2 protein chains.
Amino acid sequence: MDADKVFKALADPTRRKLLDLLCEQNGQTLSQLCESIDMARQSATQHLGILEDASLVSTVRRGREKLHFINPVPLHEVYKRWVRKFEHQRLNLLHDLKKELEGK
Amino acid sequence: MDADKVFKALADPTRRKLLDLLCEQNGQTLSQLCESIDMARQSATQHLGILEDASLVSTVRRGREKLHFINPVPLHEVYKRWVRKFEHQRLNLLHDLKKELEGK
DNA sequence: ACAATATGCAGGCTTTTACCTGCATGTCAA
DNA sequence: TTGACATGCAGGTAAAAGCCTGCATATTGT
């Protein structure tokens with residue numbers, strides 16, 4: 001998993017919206033997704049390409065259509081590597097911060 | 001919490017490294033952090049400014065020094081809103097994907 | 001076959017990002 | 001008080017990001 005690609009992919013609101021849309025209904029085509037994001041189709045293609053390159057989305061060609069599916073694995077990896085780490089130390093970190101803000 | 005600022009802040013490897021450094025030793029000064037990131041001090045300042053603007057880092061002035069502390073709250077918010085959502089559906093999503101890749 | 005549909009590809013434009021250098025300001029300690 | 005140290009601030013540049021238009025290709029249904 002390329003953490004940098006995943007984080008960069010998540011950094012754009014349009015791409016997060018695309019993930020949300022796929023979470024509501026998995027397997028949508030490019031055209032379907034385009035109806036929800038108010039943007040030229042070609043721009044959506046770019047965004048989906050970035051999501052796919054980060055392995056956050058996998059696609060399947062069916063005739064002239066392209067179906068898009070969420071791949072939850074890299075998000076889980078990010079969670080394990082980044083979020084959980086800070087979650088574990090969360091109370092300690094909050095304590096540090098509070099103490100310092102109080103003027104120690 | 002501004003989710004967009006948080007995601008954009010996390011999108012840069014240098015900034016993620018800064019968070020890691022602070023996780024190892026909370027409350028470091030700008031100069032201390034600079035020793036670890038091979039970059040002009042002014043660039044580090046910019047990165048830290050972005051982290052601070054996203055509320056991922058809080059700072060305290062002590063004399064001529066500026067101490068940097070991790071604020072774990074926005075990361076927790078991101079976790080609740082984004083990661084957990086996909087975690088809950090993780091097995092379903094994996095199932096969708098597998099079935100489609102098998103040619104249905 | 002052919003018109004409509006779904007997507008791919010190339011190039012251009014504008015804004016943002018991530019660096020940098022140079023100089024200014026504030027603080028400490030001898 | 002003055003030299004060394006820590007940080008702030010103001011540009012400037014090159015690369016990347018995000019959007020677009022225009023045209024090409026592939027598939028479907030009548």
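A polar contact is taken here as a pair of N or O atoms within 3.5 Å; within protein, one atom must be able to donate a hydrogen and the other to accept it, and residues adjacent in sequence count only if both atoms are side-chain atoms. By this rule, 12 residue pairs are in polar contact between chain B and chain A, both residues being at pLDDT 80 or more. The model is predicted, so that local features need pLDDT of at least 70 and side-chain atom pairs count only at pLDDT 80 or more, whereas totals for chains, interfaces and linings use all residues. Residues are numbered from 1 along each chain as its sequence is written, chains are lettered from A and ligands numbered from 1 in the order in which they are written, and side-chain values use heavy atoms, with hydrogens and water left out.

The elements of chain B that each supply at least two residues of its side touching chain A are α1 (3–10), α2 (13–24), β2 (57–62), β3 (65–70), α5 (73–88) and α6 (90–101). Helices (H or I, at least four residues) and strands (E, at least two) are DSSP runs, numbered from the N terminus. Helix α5(B) gives the largest share of this side, 10 residues. The side of chain B that touches chain A comprises 22 nonpolar, five polar and 12 charged residues. In this classification Ala, Val, Leu, Ile, Met, Phe, Trp, Tyr, Cys and Pro are nonpolar, Asp, Glu, Lys and Arg are charged, and the others, Gly among them, are polar.

Contact (heavy atoms within 4.5 Å) involves 39 residues from chain B and 39 residues from chain A. The area buried between chain B and chain A is about 3,800 Å², with carbon and sulfur atoms giving 69%. Of the area that chain B buries against chain A, 15% is supplied by Arg16(B), Cys23(B) and Phe86(B), more than by any other three residues. Buried area denotes the accessible area (1.4 Å probe) that two parts lose on being put together, summed over both.

Salt bridges are defined by a side-chain nitrogen of Lys or Arg within 4 Å of a carboxyl oxygen of Asp or Glu. The structure holds 16 of them over all chains, and six are found across the interface of chain B and chain A. In one of these bridges, Asp20(B) pairs with Lys85(A), the closest N and O atoms being 2.3 Å apart. Asp20(A) lies in helix α2 (residues 13–24) of chain A. Beyond its neighbours within four places in sequence, Asp20(A) is in contact with Arg81(B), Trp82(B), Lys85(B) and Phe86(B). Asp20(A) counts as buried because its relative accessibility is 14%; the classes are buried (under 20% relative accessible area), exposed (over 50%) and partly exposed (in between), with a 1.4 Å probe and protein chains only.

A network of salt bridges links Asp4(A), Lys8(A) and Arg16(B). Within it, Asp4(A) and Lys8(A) are joined at 3.0 Å, N to O, and are separated by about one helical turn because they stand four residues apart in helix α1 (residues 3–10) of chain A. Asp4(A) also bridges to Arg16(B), with closest N and O atoms 2.8 Å apart. This pair crosses between chains, from helix α1 of chain A to helix α2 of chain B. Arg16(B) is buried at 6% relative accessibility, whereas Asp4(A) is partly exposed at 24%. In chain B, Lys8(B) and Asp4(B) form a salt bridge at 3.0 Å, N to O.

DNA strand C is surrounded by 21 residues, the closest being Ser31(A), Arg41(A), Gln42(B), Ser43(B) and His47(B). A residue is near a strand if one of its heavy atoms lies within 4 Å of it. The surface near DNA strand C has three nonpolar, nine polar and nine charged residues, and α4(B) provides its largest share, four residues.

Sugar and phosphate make up 63% of the atoms of DNA strand D that come within 4 Å of the protein. The side chain of Arg64(A) places an N or O atom 3.2 Å from a base oxygen of DNA strand D, while a polar backbone atom of Lys66(B) is 3.1 Å from a phosphate oxygen. Helix α4(A) contributes four residues, the largest share of the surface near DNA strand D.
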